Amino acid sequence: MHLGRTTLSKFLIQQVREHHAEEGAGLAALLVDIAAAVKAISAMTAKGALAGILGSLESQNVQGETQKKLDVLSDQAFINTFQLGGLVAGLASEENDDPIAVEPRPACANFLTLFDPLDGSSNIDVNVSVGSIFSVVRAPKGKPSLQDYLVPGDQQLAAGYAIYGPSTMLVLTVGQGTHGFTLDREVGNFILTHPNIQIPASTSEFAINTSNERFWEPPVQRYVEECKAGKTGVRGRDFNMRWIASMVADVHRILMRGGVFMYPKDTKDPSKPGRLRLMYEANPMSMVIEQAGGAASTGRGRILEVKPEQIHQRIPVIVGSREEVERVAKYHDEYDKGEDKAYSSPLFKERSLFQN
Ligand code: F6P
């Protein structure tokens, strides 16, 4: 062990003292609690088939998705941590229909948490990276009502994710930059390994599930078409594509080396305005990305300014390198104003070669 390494606790004490005087100590302690739940989930996921906890249950979550055993175990790890930790007045998770109030309310419970305990869980059984995503907002003085959870993303006090990959990392922000910590498994400590992560402003890599291409709106089709045209098209350079199908893993790659991640609005299921959930996927990941110098948009506005209406609300997500996100948003704007006629025409592929 190297002496002098910055542990998560030491880092948090310094950060929140500087920037969150009022609720600082409690917020730091809550993030240390979250790290404890992450360590428990990391241990479970690392055991894989040996622990007999892979595979699906018969139950479904509120989204109608079949729950995996690890979804439920991870959810329980977070709930236990928050219920015992004494810092949280209530919590909302992907796996529970309604928020859960912590009762009796502990004296120092100044926060509400929203989380996706195991994101990308379709990847569990094939041993591909998964993650946890969390968001922390201020608790009201009295018993939390549904409205208390439904605050826009720009009011989050802290947000972050854990990625359970070849190494386990915790990446978080308390509103002063985005910082990454790697779990030293032997010692059990998260160590600051990626201070002040900065996403490159431009990129040549995009991430989207192209099997949905025919359901996308024209602005997204236009953007992806141009990326695929590479050197022969308006972008004038070749692009690469990656899709892990764990938002955490795809966004983590983008934080490390740039890129744009899109789960845009599509017409596959017209009742859903997007695939990803605003409160415990899009909002926390957008805060992390913006704090790393990137951008996060629905295509038609900043994600962090969306006024939430429901806990499990879905939303289109376009996040990552600033210039690319802005380009996709510009294409939405042009489409909405009817100014992208060249693209909308069946001849767009030929004509787009000559566009700027
Ligand atoms: O939570 C939803 C999620 O698992 C994300 O982590 C991921 O980006 C997406 O769904 C994958 O969707 P699809 O299965 O359509 O590729």
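A: This is a predicted model, in which local features need pLDDT of at least 70 and side-chain atom pairs count only at pLDDT 80 or more, while totals for chains, interfaces and linings use all residues. Residues are numbered from 1 along each chain as its sequence is written, and side-chain values use heavy atoms, leaving out hydrogens and water.

Q: How many salt bridges does the count come to?

A: A salt bridge is a side-chain nitrogen of Lys or Arg within 4 Å of a carboxyl oxygen of Asp or Glu. By this rule there are 23 salt bridges. One of them joins Glu205 to Arg253, with the closest N and O atoms 3.5 Å apart. This pair links distant parts of the chain, 48 residues apart: Glu205 is in strand 11 (residues 205-207) and Arg253 in helix 6 (residues 247-257). Helices (H or I, at least four residues) and strands (E, at least two) are DSSP runs, numbered from the N terminus.

Q: Why does Arg222 count as buried?

A: Buried means under 20% relative accessible area, exposed over 50%, and partly exposed in between (1.4 Å probe, protein chains only). Arg222 counts as buried because its relative accessibility is 6%; Glu226, at 5%, is buried as well. Glu205 and Arg253 are also buried.

Q: Are Asp269 and Lys272 buried or partly exposed?

A: Asp269 has 28% relative accessibility and therefore counts as partly exposed; Lys272, at 31%, is also partly exposed. They form a salt bridge, with the closest N and O atoms 3.7 Å apart.
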